[in-house]
Amino acid sequence: MSQDIRKRISEKVKELRMKKGLSKEELSLKLNLDNSYKSKLEHCRINISIDRLEQIADFFKISICDFFN
């Protein structure tokens, strides 16, 4: 189950990033994320904290609930 949640968040971050026309590196810079963290997030290899998820949601101007819809 937790893998499904990580996958959904990962897919949503990638979808939002691509809609904005941002590379992984550009998004990492804008969110002050380490490139390896961003890569691990998009490949479901890391558990994201609520604080980090909120930061990403704020950047894309969506609610946290939108990651799961």
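Biologist: On what basis are residues numbered and values computed here?

Modeller: Residues are numbered from 1 along each chain as its sequence is written. This is a predicted model, in which local features need pLDDT of at least 70, side-chain atom pairs count only at pLDDT 80 or more, and totals for chains, interfaces and linings use all residues, while side-chain values use heavy atoms, with hydrogens and water left out.

Biologist: Which residues of helix α2 are buried?

Modeller: Helices (H or I, at least four residues) are DSSP runs numbered from the N terminus, and α2 covers residues 24-31. Buried means under 20% relative accessible area, exposed over 50% and partly exposed in between, with a 1.4 Å probe and protein chains only. The buried residues of α2 are L27, S28 and L31.

Biologist: How are the axes of α2 and α4 oriented, and at what angle do they cross?

Modeller: Axes are lines fitted to C-alpha atoms, for helices over the stretch in contact, and angles run from 0 to 180 degrees between N-to-C directions. Angles under 35 degrees count as roughly parallel, over 145 as roughly antiparallel, 65 to 115 as roughly perpendicular and the rest as oblique. The axes of α2 and α4 come within 11 Å and cross at roughly 105°. The crossing therefore makes α2 roughly perpendicular to α4, at an angle of roughly 105°.

Biologist: Which residues of α4 make the contact with α2?

Modeller: Contact means heavy atoms within 4.5 Å. From α2, the contact is made by L27, K30 and L31. On the α4 side, the contact is made by R52, Q55, I56, F59 and F60.

Biologist: Which residues have the most contacts inside the largest nonpolar core?

Modeller: A nonpolar core is a set of buried Ala, Val, Leu, Ile, Met, Phe, Trp, Tyr and Cys residues joined through side-chain atoms within 4.5 Å. The largest has 16 residues; α1, α2, α3 and α4 each supply at least two of its residues, and the largest share, four residues, comes from α4. The residues with the most contacts inside this core are I9, V13, I48, I56 and F67.

Biologist: Is S10 buried or exposed?

Modeller: S10 is placed in helix α1 (residues 2-19). Leaving aside neighbours within four places in sequence, S10 is in contact with L41, E42, H43 and C44. With a relative accessible area of 4%, S10 is buried.

Biologist: What phi does N32 take, and where does N32 lie?

Modeller: Most residues other than glycine have a negative phi. N32 lies in the loop between α2 and α3 (35-42) and, at 68% relative accessibility, counts as exposed. Although N32 is a residue other than glycine, its phi is positive, near 55°.

Biologist: What phi does K61 have?

Modeller: K61 lies in the segment after α4 (50-60). K61 is exposed, with a relative accessible area of 74%. Although K61 is not a glycine, its phi is positive, at about 60°.
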